[in-house]
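Student: Please take one side chain in this model and look at it closely. Where does it sit, and what surrounds it?

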Amino acid sequence: MKEKITDRQFEIIQAAGKILTISGVSGITIKNLAKEMKFSESAIYRHFSSKEEIVIAMLEYLANNMDERFTKVMANDLSIEGKFITLFESQFSFFNMNPHFAVAVFSDGLMEESERINLTILKIMKVKMKHLKSIIEDGQQQCIFTNKISSDDLVHIVIGAIRLQMYKWRVANFQFDIICTGENMIQSILTLIKSN
């Protein structure tokens, strides 16, 4: 795991997220970041060597934060359904408080920026899949979730549905309650994947 980011680096990531939300990927420039933060461009370069490094730091932060939150959920003494629900509630709550991370994950232009950025986005997906697959496999072993569909396929179906919901929220410019809508989506998914 990468070394922890500094407070100043986190401020830069937050500013980059704000610019990304308003202006898209093309708006993230060292010049725009310096202006947003009322810094000199050289002050930004003391913390990050390039725009790519800033975007990667933002995505790495999200991956590490997600892994920490999901690991805590997995350690809780909850039922399989409880873990499933809490995992996604944690995610919806995080994105609700930090919508710029949703923009980063669901920005098509970002994936065209560099191979390193693509690999970091893939890391985020792997973190989510690792924890979700564990819950689904446990649920299948206990006959809570259907065994008619493989755990891998269930993971893809669930993540696909959640990603679509998040994408709709992002396209709607965050104008609907993602927590409430997300909770309804989680219940609908559980109805579909439960064994009876």
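**A lysine and its surroundings**

Tutor: Leaving aside neighbours within four places in sequence, Lys 128 is in contact (heavy atoms within 4.5 Å) with Met 66, Phe 70, Gln 91 and Ile 159. The model is predicted, so local features need pLDDT of at least 70 and side-chain atom pairs 80 or more, while totals for chains, interfaces and linings use all residues. Numbering starts from 1 along each chain as its sequence is written, and side-chain values use heavy atoms, without hydrogens or water.

Lys 128 lies in helix α8, residues 115-141. Helices are DSSP runs of H or I, at least four residues, numbered from the N terminus. Lys 128 is buried, meaning under 20% relative accessible area with a 1.4 Å probe, protein chains only.

Now the core. A nonpolar core is a set of buried Ala, Val, Leu, Ile, Met, Phe, Trp, Tyr and Cys residues joined through side-chain atoms within 4.5 Å. The largest has 61 residues. Leu 33, Phe 84, Phe 88, Leu 132 and Met 166 have the most contacts inside it. The elements giving two or more residues include α4 (51-75), α5 (80-97), α8 and α9 (151-171). The largest share, 12 residues, comes from α4.

Turn to Leu 132. Beyond its neighbours within four places in sequence, Leu 132 is in contact with Phe 84, Leu 87, Phe 88, Val 155, Val 158 and Ile 159.

Key:
Buried means under 20% relative accessible area, exposed over 50%, partly exposed in between (1.4 Å probe, protein chains only). Lys and Arg count as positive and Asp and Glu as negative; His and the chain ends are not counted. A salt bridge is a side-chain nitrogen of Lys or Arg within 4 Å of a carboxyl oxygen of Asp or Glu.
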